[in-house]
Amino acid sequence: MLLFHIIVLTDIILNALLPRCAKHPAWEEETSLQIHETIPCIGKKSTQNDLEKRSFAVDHIQTNYPATDWTHVYTDGSAEKAVRNGGAGIYIKYPGGEEDKISIPTGVFSINYKAEATAIQEGAAHVQSSPHSTKNIVFLTNALSILQALKSSKNKDLNDLTSALTSLSQTHTIALQWIPSHCNVFGNETADLLAKKAAALQQNGYTTTYSEAKTIIHAQQHEEWLQEHPNHVQNDAYHALTRAEQVVIFRLRTGHNRLNHHLYTKLHIGTSDQCTCQTGGQTVIHVLQHCPMYENIRNLMWPQDTPMAQKLYGSLEDLRRTATFIPSVAMLFDVFM
Ligand SMILES: [Zn+2]
């Protein structure tokens, strides 16, 4: 509970300290920056093969950003297992025929998102100072989440990128265009290779933002859990649960929860690992199977004796039952989760 309060408090403090408090991104008042999240004719994966997507993408780029007038900045990000040793790749093609190929490591604690954002940001800084740049500059990226975040006023992790683009838009006409990934668009494939090369370079940066740290920790816990459960299969009913239900089941399966046993033995919080009932340590098995405090509600949920494995790794219905039981007892007895 304390941890939760610290997290909420940190969020409030961060929000209060961050310089961006405008309702809309700075460039919405100006018109020299446009963000395009789609390409006409490119639909869902199942409807088109890579060749068709490539053809539509190349055609769209040539029609809207002809290489004779526009500097093309292809960017891509890469991170090991999506959460560490990030790399930003930038491939720039100027109308005069010159090229720039740039690889920048983005840090030990770098998620894909940060690597993608850094690639666009560094690309913006680079074209701003390049003698080969033209008035029109298009950034071509497959990082849809970045483009969506840039359009929103809540992109607090993208302040540096926002500043770089705002600065560039004072003197240039800028477009940010989504393109499909891995369908052999030359510039995109080149940026992808440059990003992978960057990720393999010496990493010096250790800084990370609060929300990146949360993503990294969550991915790390998930990875540990997968290692502890090698027989885990993708058709685990867990994946069909709601996000809230998944959180409950995940905490029970991993043992990373707020039960006294975990708090006391792993985090050294509290005075003992004992359950309020004083008949044993407050472990997952104690709560699910034995604690006398929850006996009535447990009998209601599971009229027959049900093994732990079924409650945690059974069918969708089994998992849903467990995910309902835990918040019910937590609410009634105000002890954990
Ligand atoms: Zn108990």
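In this predicted model, 6 strands form an open sheet with mixed pairing, and their order across the sheet is S1-S6-S5-S2-S3-S4. Strand S1 (33-36) and strand S4 (99-107) stand at the edges with a single partner strand each, so one side of each is left without a neighbour in the sheet. From one strand to the next, the twist averages 15 degrees. The secondary structure of the protein comes to 13 helices and 6 strands, and buried residues make up 32% of its 337 residues. Of the contacts in the protein with a separation of 6 or more, 72% are accounted for by residues 24 or more positions apart.

**Strand pairing**

- Strand S2 (residues 70-80) and strand S3 (residues 84-93) run antiparallel and are joined by 9 bridges; within this pair, His-72 has Lys-93 of S3 as its bridge partner.

- H6 has 14 residues and reaches 20 Å from its first C-alpha to its last, which is close to the 20 Å expected at 1.5 Å a residue.
- The buried residues of H6 are Gly-187, Asn-188, Ala-191, Asp-192, Leu-194, Ala-195, Ala-198 and Ala-199; seen down the axis of H6, they fall within an arc of 165 degrees, so they line one face of the helix.
- These buried residues pack against S2, S3, S4 and S5, and also against helix H3 (112-129).
- Leaving aside neighbours within four places in sequence, Ala-195 is in contact with Asp-76, Gly-77, Ser-78, Gly-87, Ala-88, Gly-89, Ala-115 and Ala-119.

**Helix H4**

- In helix H4 (residues 144-151), the buried residues are Ile-146, Leu-147, Ala-149 and Leu-150; viewed down the axis of H4, these residues fall within an arc of 165 degrees, so they line one face of the helix.
- The elements that cover the buried residues of H4 include S1, H3, S5 and S6.

**Nonpolar cores**

- The largest nonpolar core has 47 residues, and those with the most contacts inside it are Val-73, Ile-90, Ile-146 and Ala-195.
- H3 supplies the largest share of this core, with 7 residues.
- Another core, of 15 residues, lies apart from the largest one, and among its members are Leu-259, Leu-288, Cys-291 and Ile-326.

**Residues with positive phi**

- Cys-41 has a phi near 85 degrees, a positive value in a residue other than glycine, and Cys-41 lies in the loop between S1 and helix H2 (50-64).
- Because Cys-41 has 13 C-beta neighbours inside 10 Å, it counts as partly exposed.
- His-268, although not a glycine, has a positive phi of about 55 degrees, and His-268 is found in the loop between helix H9 (260-267) and helix H10 (284-290).
- His-268 has 7 C-beta neighbours inside 10 Å and therefore counts as exposed.

**Surroundings of Met-308**

- Met-308 lies in helix H12 (residues 308-313) and is partly exposed, because 14 other C-beta atoms lie within 10 Å.
- Leaving aside its neighbours within four places in sequence, Met-308 is in contact with Ile-285, Leu-288 and Gln-289.
- Met-308 and Val-284 are 24 residues apart along the chain, and their C-alpha atoms are separated by 9.2 Å.

Terms used. Residues are numbered from 1 along each chain as its sequence is written. This is a predicted model: local features need pLDDT of at least 70, side-chain atom pairs count only at pLDDT 80 or more; totals for chains, interfaces and linings use all residues. Helices (H or I, at least four residues) and strands (E, at least two) are DSSP runs, numbered from the N terminus. A residue is buried if 20 or more other C-beta atoms lie within 10 Å of its own, exposed if 12 or fewer, and partly exposed in between; C-beta atoms are placed from the backbone. Two residues are in contact if their C-beta atoms, placed from the backbone, lie within 7 Å. Two strands pair if DSSP finds at least two bridges between them. Axes are lines fitted to C-alpha atoms, for helices over the stretch in contact, and angles run from 0 to 180 degrees between N-to-C directions. The expected span of a helix is 1.5 Å times one less than its number of residues. The arc is that of the directions from the helix axis to the C-beta atoms. A nonpolar core is a set of buried Ala, Val, Leu, Ile, Met, Phe, Trp, Tyr and Cys residues joined through C-beta atoms within 7 Å.
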